Amino acid sequence: MDIIQIVGLGLIATFLALVVKEQKPQFAFLLTVFVGVFIFLFLIDEIVKVIYMLQNVAEQANMNMIYLQTILKIIGVAYIAEFGAQIANDAGQAAIASKIELAGKILILVMAIPILTAVIEMVLSFLPT
């Protein structure tokens, strides 16, 4: 099971980071970042499978692929912003973490404007004039 390997790696890295943190805090931080990136890379295949499945469903539903691409980009921005914010928090930089989260939210809002516009136009087309 993949989750057991991921949790095992995470727990081992956590234990090592706690031990190393007392002597070399910068190495503990680097270990944390490295393990986080490694776990993300471990999950890339699963992410690709989900993207292909969503593309197949969108094609079967005759959905405009621009909307699916936008939604996938929004999801990507959300995950990347969360990952960056967590790393900043781990480094003790809560102020920077909150700015990363704010930037992610603003970028998501900007990227969602075409979808929101399409939804509003669709709702307005249903209303009698």
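Helices here are DSSP runs of H or I, at least four residues long, numbered from the N terminus. The model on screen is predicted.

**Stop 1: the aromatic pair.** Select F34 and F38. Both sit in helix α2, four residues apart, about one turn of the helix. In an α-helix, residues three or four places apart point the same way, because there are 3.6 residues a turn. A search of the whole structure finds one aromatic pair. The ring centres of F34 and F38 are 6.4 Å apart and the planes meet at 25 degrees, so the pair is stacked; the cut-off for stacking is under 30 degrees.

**Stop 2: α1 against α2.** Now show residues 2-21 (α1) and 25-42 (α2). Their axes come within 8 Å and cross at roughly 170 degrees. That angle makes α1 roughly antiparallel to α2.

**Stop 3: α3.** Move on to residues 44-60, the 17 residues of α3. First to last C-alpha, this helix reaches 24 Å, close to the 24 Å expected. Just after α3, click N62: its phi is positive, about 55 degrees.

**Stop 4: the annotated spans.** An unreviewed UniProt entry annotates residues 27-44 and 106-127 as "transmembrane region". Select 27-44: the span is 94% helix and 0% strand, with its end C-alpha atoms 26 Å apart. Then select 106-127: here the chain is 95% helix and 0% strand, and the end C-alpha atoms lie 30 Å apart.

Terms used. Residues are numbered from 1 along each chain as its sequence is written. This is a predicted model: local features need pLDDT of at least 70, side-chain atom pairs count only at pLDDT 80 or more; totals for chains, interfaces and linings use all residues. Side-chain values use heavy atoms; hydrogens and water are left out. Helices (H or I, at least four residues) and strands (E, at least two) are DSSP runs, numbered from the N terminus. The expected span of a helix is 1.5 Å times one less than its number of residues. Axes are lines fitted to C-alpha atoms, for helices over the stretch in contact, and angles run from 0 to 180 degrees between N-to-C directions. Angles under 35 degrees count as roughly parallel, over 145 as roughly antiparallel, 65 to 115 as roughly perpendicular and the rest as oblique. UniProt positions are given in the numbering used here, feature names are shortened, and annotations may be inferred rather than shown by experiment. Rings of Phe, Tyr and Trp (its six-membered ring) pair if their centres lie within 6.5 Å; planes under 30 degrees apart count as stacked, over 60 as edge-to-face and the rest as tilted.
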